[in-house]
Amino acid sequence: MKIYTKKGDKGQTRIIGKKIVDKDDARVESYGTVDELNSWVGYTISVLTPETAVLKDELEGIQQLLFDAGTDLATLNDDPKRSFIFNVDSVKWLEGKIDTYTEAVPAVQKFILPGGNQPASALHVARTITRRAERHIVTLQGEDDINKDVLVFINRLSDYFFAVARYANMLGKNEDILYRNSKPVFR
């Protein structure tokens with residue numbers, strides 16, 4: 001089986017529901033950035049250390065959820081077979097993880113610089129890709145109806161990556177580096 005179809009050679013793609021759109025369509029930008037994030041999470045898993053390997057299964061779970069989110073973003077609202085996969089349970093699960101990691105690390109009142117050990121640094125990159133995905137999803141939401149649970153999940157996911165990056169640094173015995181010009185912002 002060949003994996004190339006040549007159908008996209010003119011800058012268009014077919015999305016769920018069989019509609020053909022330009023490859024820079026807001027819907028394609030949204031699920032494409034979620035796909036990029038999913039790939040980055042896979043990369044992050046590959047750089048986990050023995051100290052941070054405890055995060056592997058959880059990050060693979062995030063990848064599964066990202067695939068579900070991307071599927072929902074690629075599904076047109078007027079598709080008669082439309083059935084969203086994503087639901088609020090994933091958001092609740094993520095909030096529990098955020099709370100766990102936030103409680104496990106030292107409290108901070110100031111902004112921190114992204115970095116630390118390699119897994120934490122990769123998780124900070126995941127956070128910024130998540131924010132870009134969120135911006136694309138907000139643009140799509142302004143043009144068409146979407147599964148709102150996906151947007152809430154993506155918003156919460158950037159908080160998760162911040163919290164888990166700090167946790168990865170703690171596991172690796174790396175301290176957060178405070179932004180020197182930050183005033184207290186977290187209370």
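User: What does buried mean here, and which residues of H4 are buried?

Analyst: Buried means under 20% relative accessible area, exposed over 50%, partly exposed in between (1.4 Å probe, protein chains only). Helices are DSSP runs (H or I, at least four residues), numbered from the N terminus. The model is predicted: local features need pLDDT of at least 70, side-chain atom pairs count only at pLDDT 80 or more, and totals for chains, interfaces and linings use all residues. Residues are numbered from 1 along each chain as its sequence is written, and side-chain values use heavy atoms, leaving out hydrogens and water. The buried residues of H4 include Pro-119, Ala-126, Ile-137 and Leu-140.

User: What covers the buried residues of H4?

Analyst: Contact means heavy atoms within 4.5 Å. The cover includes helix H1 (26-46), helix H2 (56-73) and helix H5 (148-171). Ser-30 sits in helix H1. Ser-30 touches His-136, Ile-137 and Leu-140, among others, not counting residues up to four places away in sequence. At 0% relative accessibility, Ser-30 is buried.

User: How is a pair of aromatic rings described?

Analyst: By the distance of the centres and the angle of the planes. Rings of Phe, Tyr and Trp (its six-membered ring) pair if their centres lie within 6.5 Å; planes under 30 degrees apart are stacked, over 60 edge-to-face, the rest tilted. The count is four aromatic pairs. Tyr-101 and Tyr-160 are tilted, at 6.3 Å centre to centre and 55° between the planes. Tyr-101 lies in helix H3 (residues 88-104) and Tyr-160 in helix H5, 59 residues apart. Tyr-160 and Phe-161 have centres 5.3 Å apart and planes at 65°, so this pair is edge-to-face.

Conventions. Helices (H or I, at least four residues) and strands (E, at least two) are DSSP runs, numbered from the N terminus.
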